[in-house]
Structures are given as C-alpha cells and as structure tokens.
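Me: Before going into particulars, I would like to work through this structure by question and answer, taking the helical spans and then the aromatic contacts.

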Amino acid sequence: MARRRGGAAAAAAAASPAVVGAVSVLALVYYSTVFVFLDHWLGLGTLAGAAHAAAFSLVVAACFFSFVCAAAADPGSVPASFAPDAEDPQRQGLKSRYCDKCCMYKPSRTHHCKVCKRCVLKMDHHCVWINNCVGYANYKSFIICVLNATIGSLYSLVVFLFDLFQTEHEYDIPYVKVIHVLVGVLLFFLSLTIGSLLCWHIYLLCHNMTTIEYREATRAKWLAQKSGQKYRHRFDLGTRKNIQMIMGPNILCWLCPAATGHLKDGTEFQITNN
C-alpha cells in the first residue's frame with residue numbers, strides 16, 4: 001500500500017497553482033460537456049442523454065480519484081535502514097549511487113529530485129500538475145489518471161462535435177461562436193497532448209523503463225549498435241511481467257489506483273539475464 005504524503009506536503013500540493021489549474025480544467029470540461037453540449041445535443045432528460053451523462057461522470061470521477069491518489073501518495077522514500085550490498089550485481093559502482101545532497105546511498109533506479117529536494121525510488125519525473133514526483137509508489141495511479149483523462153478528453157471532443165454538426169446554433173450571437181471555438185480548441189489540444197503522453201507511458205510501461213532511464217538507454221543503445229551488439233534494457237522482463245510489476249498480478253485491479261498491495265520497498269528489482 002502506498003504511503004500518503006505528510007499533511008503539510010499534501011496541503012502545499014493542493015494549494016499549488018498548477019494543481020488548482022488542472023482541477024479547474026477538469027471541472028470546466030465536465031460542466032461544458034454535460035450541461036452544455038450533451039444537454040443541447042440529446043437533452044439530459046432523455047434516456048440516451050442520461051446514459052451518456054452517467055458514463056462521462058464515471059470517467060471524470062475515476063480520473064479525479066486517480067489524480068488525488070497520485071498527488072497525495074509518497075512517490076517512494078529511501079528506507080532509513082537501506083544499506084548497499086557490494087555483492088549485488090544491481091548495485092555495481094557504489095560511488096555513483098551515493099547522493100551528495102541527501103548524504104546517503106540510494107538504491108538502483110533511484111534519483112534525486114531537485115524540486116522535492118529528496119531522493120525518489122524509481123523516479124520517472126517531477127510532474128507539476130500534481131505537484132509531486134512520479135515514482136515507484138504512485139506510478140500506477142499516475143498512468144491510470146492519464147488513461148482516464150485521455151478517455152474523458154476524447155469523449156468530450158466527440159460529444160462536442162456531434163453537438164456542433166447535428167444541432168443548430170445561434171451563431172449570430174458573437175459570444176456563442178467564440179465559446180464554441182475556444183472549447184473546441186481546448187478539447188482538441190487536451191486530447192492530443194494527454195493522448196500522446198498516454199502512448200509514451202504505455203511504451204515505458206511495456207519496457208519497464210522510466211523517462212530518466214530511457215534517456216540513459218538512448219546512448220547505451222547507440223554504443224551497443226556501434227559495437228555490433230544488441231541492446232536490451234536490463235530491467236525489461238517481457239511485456240507481461242513488466243505490466244504486472246506496475247499494475248499488479250490481478251488484471252481486475254489494474255484500473256484501481258489504490259490497489260498497490262503488490263508493491264514492495266522499491267529498493268530491489270529483478271534484472272534480465274539477457
């Protein structure tokens with residue numbers, strides 16, 4: 001089970017302008033989709049309109065819940081009892097695994113975040129939209145949040161387009177045209193950017209790789225190809241195992257951001273023999 005951040009840290013995260021902005025955009029998209037476009041297209045009083053409103057509300061609620069889980073969870077702290085094992089092949093080169101800022105040894109795949117000013121287990125990146133690092137303990141909730149946000153953005157965009165082309169609008173009124181143009185641009189931008197982010201993290205998930213490790217692997221792959229060898233990320237255990245390591249062994253719990261009982265302490269990772 002992922003630990004929650006301290007009360008002061010959680011309060012500071014909630015008060016962040018980026019977090020407030022993200023929640024505001026979510027609320028704006030929900031209101032405009034359900035109470036403006038969907039109501040104007042099908043009508044909320046109809047069976048079809050109520051069904052679409054319920055489905056979209058479920059997606060938004062799931063997105064918000066996973067957003068809160070990712071923002072409130074501790075991404076992964078190095079245990080105070082951690083001590084490097086010189087005989088462990090995953091911890092070769094102990095000098096390079098010592099954090100001068102935290103004055104402590106850090107496990108494999110751990111990096112120091114300049115924003116959080118701490119070492120984070122299996123750090124992927126620092127996300128300003130949740131005002132938190134994305135690491136070992138909250139990566140599952142983060143990718144579920146991105147998945148739900150992508151589904152919600154595309155759903156909203158489809159509803160907007162159906163309302164735009166299948167119903168009549170009073171475009172003679174200037175503000176009506178301006179609102180439709182602005183909302184259309186916003187929904188298209190959200191669908192494109194969040195969808196691209198989802199595709200990127202699905203790729204990383206299937207290869208058991210973080211964003212930081214991908215950058216490091218780019219040079220390693222180039223050196224391997226230059227010497228006539230084939231490069232494979234050392235933590236890549238195959239697509240199925242890679243997904244199960246993050247999402248859990250039970251496929252029924254993959255979309256539940258709170259189902260993190262399969263996570264360990266985040267200091268040791270299985271490596272490939274290839």
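**Helical spans and aromatic pairs**

Me: In this predicted model, how far apart are the end C-alpha atoms of residues 142-162?
Reply: The span of residues 142-162 is 100% helix and 0% strand, and the UniProt record, an unreviewed entry, places a "transmembrane region" there. Between the end C-alpha atoms of residues 142-162 the distance is 30 Å.

Me: What is the distance between the end C-alpha atoms over residues 51-73?
Reply: Residues 51-73 also carry the feature "transmembrane region" in the unreviewed UniProt entry. The chain over this span is 96% helix and 0% strand, and its end C-alpha atoms are separated by 33 Å.

Me: Is helix α2 roughly parallel or roughly antiparallel to helix α3?
Reply: The axes of α2 (residues 17-41) and α3 (residues 47-72) come within 10 Å of each other and cross at roughly 175 degrees. Because angles over 145 degrees count as roughly antiparallel, the relation of α2 to α3 is roughly antiparallel.

Me: How many charged residues does the contact of α2 with α3 have?
Reply: On the α2 side the contacting residues include V19, L26, Y30 and L38, while those of α3 include G49, H52, F56 and F67. Sorted by class, the contact has 14 nonpolar and four polar residues, and the number of charged residues is none.

Me: Is the pair of W200 and Y203 stacked or edge-to-face?
Reply: The count of aromatic pairs comes to 13, and in the pair of W200 and Y203 the ring centres are 6.0 Å apart with 20 degrees between the planes. The two residues are three apart in helix α5 (residues 174-206), which means that about one helical turn separates them. W200 is partly exposed at 27% relative accessibility, as is Y203 at 36%. Since planes under 30 degrees apart count as stacked, the pair is stacked.

Me: How many residues apart in sequence are the parts tied together by F235 and F269?
Reply: The rings of F235 and F269 form an edge-to-face pair, with centres 6.1 Å apart and planes at 75 degrees. F235 is buried at a relative accessible area of 2%, and F269 is buried at 4%. Because F235 lies in the loop between α6 (211-226) and α7 (239-247) and F269 in the segment after α7, the separation in sequence of the parts they tie together is 34 residues.

Technical notes. Residues numbered from 1 in each chain as written. Predicted model: local features only at pLDDT ≥ 70, side-chain atom pairs only at ≥ 80, totals over all residues. Heavy atoms only, no water. Axes fitted to C-alpha atoms, helices over the stretch in contact; angles between N-to-C directions. Helix = DSSP H or I, 4+ residues; strand = E, 2+ residues; numbered from the N terminus. Parallel < 35°, antiparallel > 145°, perpendicular 65-115°, else oblique. Contact = heavy atoms within 4.5 Å. Nonpolar A, V, L, I, M, F, W, Y, C, P; charged D, E, K, R; others polar. UniProt positions renumbered as here; feature names shortened; annotations may be inferred. Phe/Tyr/Trp six-rings, centres within 6.5 Å; stacked < 30°, edge-to-face > 60°. Buried < 20%, exposed > 50% of the residue type's maximum accessible area, 1.4 Å probe, protein only.
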